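Work through the exercises below with the model open beside you. Try each task before you read its solution.

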Amino acid sequence: MLVLAIAYLWLGNILGMNLRPVLLMLDKLKEWVMLDIYLVGIAVASIKVQDYAFLQPGIGLLAFISLVVLSILTLIHLNVEQLWERFYPPAPRHAPGCQSAGLPRVPLYWLC
């Protein structure tokens, strides 16, 4: 889901799609990504199963460890608040006074 959400943000930004649901999901998803816990579980299970079967680390374990490291680095550097500000910047605030009265906008230094 994490990879799909990041890909959707990238592609959706290019195509002008609505990114709000994905940004909301990313905020909740960061709490549930526990690949490092799965890695510890695999280590414990392999120690327990070692009495019954011969285990040999292969390319699958290397791929899973790479996935864990890359996902942890991604989650460390993923800042959802910055993504909200980038894709949906806050509306600019106008100076009180002339602009709110419907008068033409002039730079504030002209008023001084």
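This is a predicted model: local features need pLDDT of at least 70, side-chain atom pairs count only at pLDDT 80 or more; totals for chains, interfaces and linings use all residues.

Residues are numbered from 1 along each chain as its sequence is written, and side-chain values use heavy atoms, with hydrogens and water left out.

**Exercise 1. Confidence**

Task: Find the mean pLDDT of the chain, and the elements with the lowest and highest mean pLDDT.

Solution: 
- Start with the term: pLDDT is the predictor's confidence in each residue, from 0 to 100.
- Take the chain next. Its mean pLDDT is 78. Of its residues, 82% reach 70 or more.
- Now go by element. Helix α6 (residues 108–111) has the lowest mean, 50. Helix α4 (residues 59–77) has the highest, 86.

**Exercise 2. Secondary structure and burial**

Task: State how many helices and strands the chain has, and what share of its residues is buried.

Solution: 
- Helices (H or I, at least four residues) and strands (E, at least two) are DSSP runs, numbered from the N terminus.
- The count is 6 helices and 0 strands. Read from the N terminus, the order is α-α-α-α-α-α.
- The chain has 112 residues, and 16% of them count as buried.

**Exercise 3. The nonpolar patch**

Task: List the residues of the nonpolar surface patch, and say which helix gives the largest share.

Solution: 
- Patches are made of residues with over 30% relative accessible area and no salt bridge; like charges are joined within 9 Å, nonpolar side chains (Val, Leu, Ile, Met, Phe, Trp, Tyr) within 5 Å.
- A salt bridge is a side-chain nitrogen of Lys or Arg within 4 Å of a carboxyl oxygen of Asp or Glu.
- The members are I42, L61, I65, V69, L70, I72, L73 and I76. Together they have about 660 Å² of accessible area, found by the Shrake-Rupley method with a 1.4 Å probe, where only the protein chains shown count as cover for residues.
- The largest share, 7 residues, comes from α4.
- Look at two members. I72 lies in α4 and is partly exposed because its relative accessibility is 33%.
- I76 and K30 are 46 residues apart along the chain, and 9.6 Å separates their C-alpha atoms.

**Exercise 4. The negative patch**

Task: Name the residues of the negative surface patch, and classify E81.

Solution: 
- Lys and Arg count as positive and Asp and Glu as negative; His and the chain ends are not counted.
- A charge is placed at NZ of Lys, CZ of Arg, CG of Asp or CD of Glu.
- The patch is formed by D27, E31, E81 and E85.
- E81 is in helix α5 (residues 80–87). Its relative accessibility is 51%, so E81 counts as exposed.

Definitions and conventions
Buried means under 20% relative accessible area, exposed over 50%, partly exposed in between (1.4 Å probe, protein chains only).
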